[in-house]
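Hi,

Here is the structure I promised to pass on. Have a look at it first, and then read my notes below.

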Amino acid sequence: MSRAFLVVMDSVGIGGAPDADRFFNGTRPDNGANTLAHIAQACAAGRADQGRAGPLCLPNLDALGLGAAVRLASGADVPGLGVTPQGLWGAATEVSPGKDTPSGHWELAGLPVPWDWHYFPDTIPAFPADLSAAVARAAGTEGILGDCHASGTEILTRLGAEHLRTGWPICYTSADSVFQIAAHEETFGLDRLLKLCADVAPILHAMKVGRVIARPFVGSPETGFTRTAHRHDYAITPPAPVLTDWVQAVGGWVHGVGKIGDIFSMQGIDDVVKGPDADLMRQLSTLVDGAEEGSLTFANFVEFDSLYGHRRDIAGYARALEWFDAEIGALLPRLRPGDLMILTADHGNDPSWSGTDHTRERVPVLGAGRGARALGQVAFVDVAASIADHLGLADRGPGRSFL
């Protein structure tokens, strides 16, 4: 028997996507975006010394092959990352027609997205009138606020006070296939917000909008508004079995860490722990020490993306990477003989890029527990096939095992 750990470093892209010119931030195509390389270059040039200093320091990830993976994916210079890899290392390319969270995770789990997602236009209003009316009816209000593309923090600053005055939910979207609803935890009510999102999710899913996201917040106009940790994603259920289902089908246990349960609508997930990344790392540590034989632990660390990528905060992203590297470095020696840990990402979010949206990039594939070897260029679905191979599963989806 053996165990598998699939750890997604949300948005840690490494450039080089062959179709990046088809994806945009505003009017600028994503070709040339490179999350990891541009952060490393900024650090080496002294442009990311807020709360940290010097070249990007990721000794544990680099030892697995992170620097080598960036050079393979894009040929980019990665200052500070150049050691000889001691793990499995390669670069993965996505084929799904989106650079969003569900697309990346589904494909890593063995299911390329079989349709084109619906995206809302960057206009005001952004939503069809009948959709806005349906949301207002479900909320029991006369209307909605927002109805536009927006940053989640900016729209609270702009509309938080009006939300408190009117009680209307704040509805907004982005370049992703997403419908987000923000409301005050105390005056609107958290349970009411979650029910609203659950009630309107079927309408959005029928339109092939990937996620409805509840975005609760607290605060006041005087103190400012802050989003809380009670976010909940209502995602379309995958239309076919994925890696989590394959593990469950043979009696294996599947642990979700982070927003994995939301992304897969709990399909194939036995239990899940959510919270800030520091709490999630403690949970991952507990599972490294105690997860069952034959189990899959599927984890997502989102703060690279949510706190730093979208906000185009290079120094913050670098700090998060260095924290993650140190924490993972403490876990790797505690893997049991026969374990496999794969570290990868779901898309890019280059904090040096224009706009505020994800960037279309290849992602690293780093493996610990199965020796040291270059994997070359692989597909996202090969990650699922390889974990299935490691666990001895018959179902491996459309991918090819690289083990």
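Let me start with D346, which sits in the loop between β14 (340–344) and β15 (363–368). Please keep in mind that this is a predicted model. D346 counts as buried, because its relative accessibility is 0%, under the 20% cut-off. Its side chain comes within 3.0 Å of the backbone nitrogen of S11. Leaving aside neighbours within four places in sequence, D346 is in contact with a set of residues that includes V8, M9, D10, S11, H105 and F380.

That brings me to the annotation. The unreviewed UniProt entry lists D10, D346 and H347 under "binding site". These residues span 338 positions in sequence, yet no two of their C-alpha atoms are more than 7.1 Å apart, so they gather at one spot.

D10 belongs to the loop between β1 (4–9) and β2 (24–25). It is buried too, with a relative accessible area of 0%. Its side chain makes a polar contact of 2.9 Å with the side chain of N300. Not counting residues up to four places away in sequence, D10 touches D346 and H347, and also K259, F301 and Y317, among others.

One more residue I looked at is S174, in the loop between β6 (170–173) and β7 (178–184). S174 is buried, with a relative accessible area of 14%. A polar atom of its side chain lies 3.1 Å from the backbone nitrogen of D176. Beyond residues up to four places away in sequence, S174 touches H149 and D357.

Best wishes

Notes: Residues numbered from 1 in each chain as written. Predicted model: local features only at pLDDT ≥ 70, side-chain atom pairs only at ≥ 80, totals over all residues. Heavy atoms only, no water. Helix = DSSP H or I, 4+ residues; strand = E, 2+ residues; numbered from the N terminus. Buried < 20%, exposed > 50% of the residue type's maximum accessible area, 1.4 Å probe, protein only. Polar contact = N/O pair within 3.5 Å; in protein donor to acceptor, adjacent residues only side chain to side chain. Contact = heavy atoms within 4.5 Å. UniProt positions renumbered as here; feature names shortened; annotations may be inferred.
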